[in-house]
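Please read each point with the structure open beside it.

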Amino acid sequence: MSNTAGLAIPCKAAVSWEAGKPLVIQQVEVAPPQAMEVRVKIKYTSLCHTDLYFWEAKGQTPIFPRIFGHEAAGIVESVGKGVSDLQVGDHVLPVFTGECGDCAHCRSEESNMCDLLRINTDRGVMLSDGKSRFSINGNPINHFLGTSTFSEYTVVHSGCLAKVDPLAPLDKICILSCGISTGLGATLNVAKPKKGSSVAIFGLGAVGLAAAEGARIAGASRVIGIDLNRNRFEEAKKFGVTEFVNPKEHDIPVQQVIAEMTNGGVDRSVECTGNINAMVSAFECVHDGWGVAVLVGVPNKDAVFMTKPINLLNERTLRGTFFGNYKPRTDLPSVVNMYMNKKLELDKFITHRLSFSEINKAFEYMVKGEGLRCIISMED
């Protein structure tokens, strides 16, 4: 047991008090983990667009004060009652979705959408007792996605922690706990391109480039990147993208452009923008008979997907995915091993590094669209 087990830990956290306003680094108290919970010392965290989205609170339920953060890596400090698969000192990735191991989804080989621990953006408390583990002067601070990694210590349900190889560098693998795994898995687990095949990637942000990385690993011969920002095209070559299309530079729908480039359509497509028009284009640009389109981006909840039924009858397949179809506890260790075995390249996703005291700069980078992933060291 650690010498802090069972005690509240005072530490620094970046607290968001108001939508769109700079985070405030201040001392919080982190309570001990309760049943099926684990307290983790966060070593490195990153900023994902989801953090930005809920920080801006545009069209979202504004839950403040709150501690954001969900892409991170850390070390187990103490465990609560009933936790048997993790112990003090284990290296872990906290994940915004979980794997209870008991529900129908967890028992299914085809699903990773755990009934108990599925993502809940509106919950600011822990499941076991409906209370927060964070407080300032006795006043509770809300959690975010069950992870809240913008804190030196955090408390997470044990089902939302993936135990990983202790030799893996935490400042690299922290980015696997959300966006990179989502894009990578969308290609490798869902689209499943064959060696020598053609793949279209819609959106060349971090998730789209991770999808392209998956196509590279799978041995695709043509990886066509589609994006409205031409400045992204050069960097995308590092991730295996071989050709580029900017829809604004054509007078015909982009799906028609791609069909003409590929003699009828690509073998696979992965959509990573959440734009409904891009989703339709991604589906309609795959080849009849065998083409598979995978939707990754999250659209507006009222958006409607419209296409002609004949596109499906002509044997095109439309798939959706959540977190790249990875079960967090079962599958993430193998993704880390892909990096350790030099099959998956992570360094090229990391474009900035900051100390914890500079965390607001990470938000500035993302608002401006600069870089892919910014690693924040909690100890600098």
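1. In what order do the four strands of the open sheet come? The order is β1-β2-β6-β7, and the pairing is antiparallel; strands here are DSSP runs (E, at least two residues), just as helices are runs of H or I with at least four residues, numbered from the N terminus. Two strands pair if DSSP finds at least two bridges between them, and strands of a sheet pair through backbone hydrogen bonds, either parallel or antiparallel. The edges are β1 (9-15) and β7 (139-141), each of which pairs on one side only.

2. Before going further, please note that this is a predicted model, in which local features need pLDDT of at least 70 and side-chain atom pairs count only at pLDDT 80 or more, while totals for chains, interfaces and linings use all residues. Residues are numbered from 1 along each chain as its sequence is written, and side-chain values use heavy atoms, with hydrogens and water left out.

3. Within this sheet, β1 and strand β2 (residues 24-30) run antiparallel and are joined by seven bridges. One example to look for is Cys11, whose bridge partner in β2 is Val28.

4. Glu37 is found in strand β3 (residues 37-46). Glu37 counts as buried because its relative accessibility is 2%, where buried means under 20% relative accessible area, exposed over 50% and partly exposed in between (1.4 Å probe, protein chains only). Leaving out residues up to four places away in sequence, Glu37 touches several residues, including Arg133 and His157, contact being heavy atoms within 4.5 Å.

5. There are 12 aromatic pairs, counted where ring centres of Phe, Tyr or Trp (its six-membered ring) lie within 6.5 Å, with planes under 30 degrees apart called stacked, over 60 edge-to-face and the rest tilted. Tyr53 and Phe54 form an edge-to-face pair, 5.4 Å centre to centre with 90° between the planes; Tyr53 is partly exposed at 37% relative accessibility, whereas Phe54 is buried at 6%.
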